Amino acid sequence: MWGRIFVHPVLTGRVRFTWSCRSLFTMQLKTKEFQSLFTDGLNGIAELFEKNQFELRIAGGAVRDLLSGKRPDDVDFATTATPDEMKSMFQAAGVRMINNKGERHGTITARLHNENFEVTTLRVDVQTDGRHAEVEFTTDWQKDAERRDLTINSMFLGLDGTLYDYFRGYEDLQNRKVRFVGSAAQRIQEDYLRILRYFRFYGRVADQPGDHEPETLQAIQENARGLAAISGERIWVELKKTLTGNHAAHLLEVIYDLGLAQYMGLPAGGNVEELKRVWQQAQDWSPKPMTLLSALLRCSEDVDRLDLRLKISKEEKNLGLFLVKHRRDLLKSEDGSDSLRPYTDFIIDSREPDAHSKVCELLKYQGEDRLLVELKSWSIPRFPVSGHDLRKMGITSGKEIGIILQQLRDVWKKSRYQMDKDELLSSVTRS
């Protein structure tokens, strides 16, 4: 029961559950993943905060991961100490501090035993504009939790293993639910990027593709226009994570249904059905985000417009252009002799260092599982003849050398790249 003092009598061996006032839920976590975090560096930091009588807890995504049985890649910490208090404490202890860019928002990064520890003062948002927030420091853990986006990201974990959960984050994580803290509309209006963070975490946490709360989708739809003011780079970061998570095709369909696409750089007439088909075929092969997104795009101009809004990388843009151009014309051979040959010939002819990778993504797009396995084990053969070899035969004309090399390359391809240098050169006839 939430909001009342209640102690659950069951001790599971891993956790002990406690509910108390102010809707606080606590339990004790003693998993091997949690224990593995306690390096010399963390033990040193923990001892320093305890000595100076400041609380220090693990915050945000690391708590979610630990509760899911995963060892987090990154661990962020929250504290009741202000940035100035942390700086004084670290300086007195001879602990090095690095990267002061986050200090204005309350974050100090300390380096101890060759590890970095990012520690942020508890804070409340005083004023927000949908992109940035002016913050005020606090010592109230619940107030800090209130300003976070999703319940599953609003929990804290004490270094003694005690979970502090004010908004049923643990319950939502257990039930695979993704909900905003408090009012969805209010959380979104504080930072419109939270719309896309919702979809990203839905793809990470939810079991089923359509288990959204109607009021959440309504709040997202009503605030869709706010995404227009968010930078393309930030949108692309979240969108890529959504495309590499679960339910990607469903989530992109919801994005279109709620009218978000027009503010994100996605084409107005995006081919959602094609995306669903490609996702169904490719999901087990970990397609690149751009491979999936290309299914929405109908022409090269769509790729250009996407790049203009999202500032995608050159590599991503080139992959998108490649897939849009070749997804219908670079196909397996239908004569039954060598289905892979059109793809290998393309790689040989392109002479681009990333051609092999691009064609692998194309095979994922096309759903050609067997050919993908074959291509992954195929090594690009080296064409054995060079212009130098022809010059040694007395051929000096650059134009003639170019023509002969192309003829020999065609012969080599027809031999399935088996003919060696001597066999190829023996076929050279001079006019």
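The model is predicted: local features need pLDDT of at least 70, side-chain atom pairs count only at pLDDT 80 or more, and totals for chains, interfaces and linings use all residues. Residues are numbered from 1 along each chain as its sequence is written, and side-chain values use heavy atoms, with hydrogens and water left out. The protein holds 21 helices and twelve strands. These are DSSP runs, numbered from the N terminus: helices are H or I with at least four residues, strands are E with at least two.

**Overall build**

- The C-alpha trace spans about 95 × 50 × 45 Å along its principal axes.
- The radius of gyration is 28 Å, while a compact globule of 431 residues would have one near 22 Å. It is taken over C-alpha atoms, and the globule rule is 2.2 Å times the number of residues to the power 0.38.
- Of the 431 residues, 50% count as buried. Buried means under 20% relative accessible area, exposed means over 50%, and partly exposed lies in between (1.4 Å probe, protein chains only).
- Take the contacts between residues at least 6 apart in sequence: 62% of them join residues at least 24 apart. A contact means heavy atoms within 4.5 Å.

**Helix H11**

- Helix H11 covers residues 248–257, and seven of its ten residues are buried, so it is largely enclosed by the rest of the structure.
- The buried residues are Ala 248, Ala 249, Leu 251, Leu 252, Val 254, Ile 255 and Tyr 256.
- Their cover includes helices H8 (194–205), H9 (214–222), H10 (232–243), H12 and H13 (289–293).
- Gly 259 follows H11 and has a positive phi, near 80 degrees.

**Helix H12 against helix H17**

- H12 (residues 272–282) and H17 (residues 355–366) pack at about 105 degrees, with axes 7 Å apart. Axes are lines fitted to C-alpha atoms, for helices over the stretch in contact, and angles run from 0 to 180 degrees between N-to-C directions.
- That makes H12 roughly perpendicular to H17, a label for angles of 65 to 115 degrees (under 35 is roughly parallel, over 145 roughly antiparallel, the rest oblique).
- H12 brings Glu 274, Arg 277, Val 278, Gln 281 and Ala 282 to the contact, and H17 brings Lys 364, Tyr 365 and Gln 366.

**Lys 70**

- Lys 70 sits in the loop between helix H3 (61–67) and strand S5 (76–79).
- Lys 70 has 43% relative accessibility, so it counts as partly exposed.
- Leaving aside neighbours within four places in sequence, Lys 70 contacts Glu 33 and Asp 65.
- Thr 80 is ten residues from Lys 70 along the chain, and their C-alpha atoms are 27 Å apart.
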